[in-house]
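Welcome! Take a moment to look over the chain below, and then let us walk through how its pieces are arranged.

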Amino acid sequence: MKTLWVSKTEFKARAGEILQEIEVTGASFLVTERGRPIIEIRRYQDLKTSPLERLRGSVIEYIDPFEPVYETKDPEGDSS
């Protein structure tokens, strides 16, 4: 997806046109002031993801992934 740059002054003058372009094409705009980006305007995305998907990639380190993370009970009732 492309990102277009537009000055704050130009955005004020063309706001309706720019918003329509974002809606139709999905492009995003960086509004600049004195050549520096200050605001990003892009199409809204409804991110309905499962909790598992949101957690994907969030584990920083796991040392022994096959060891239980809690103490288990022996089937005969003894704690291990």
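In this predicted model, S1 and S2 pair in the parallel sense over five bridges. Strands here are DSSP runs of type E with at least two residues, while helices are runs of H or I with at least four, numbered from the N terminus; two strands count as paired if DSSP finds at least two bridges between them. Within this pair, Leu4 is opposite Phe29 of S2. To get from S1 to S2 the chain passes through H1, making a right-handed β-α-β crossover: with the strands pointing away from the viewer, the path from the first strand over the helix to the second runs clockwise.

Now follow S2 to its other partner. S2 and S3 pair in the antiparallel sense, again over five bridges, and Val31 faces Ile39 in S3. Helix H1, residues 8-25, packs on the sheet and touches S1, S2 and S3, contact meaning heavy atoms within 4.5 Å. The direction of H1 makes about 150° with that of S1, using lines fitted to C-alpha atoms (for helices over the stretch in contact) and angles from 0 to 180 degrees between N-to-C directions.

Put together, the three strands form an open, mixed sheet in the order S1-S2-S3. Strand S1 (3-7) and strand S3 (36-41) each have a single partner strand, so one side of each is left without a neighbour in the sheet.

How confident is the predictor? The mean pLDDT, a per-residue confidence from 0 to 100, is 84 for the protein chain, and 89% of its residues reach 70 or more.

Residues are numbered from 1 along each chain as its sequence is written, and side-chain values use heavy atoms, leaving out hydrogens and water. Local features need pLDDT of at least 70 and side-chain atom pairs count only at pLDDT 80 or more, while totals for chains, interfaces and linings use all residues.

Conventions. pLDDT is the predictor's confidence in each residue, from 0 to 100.
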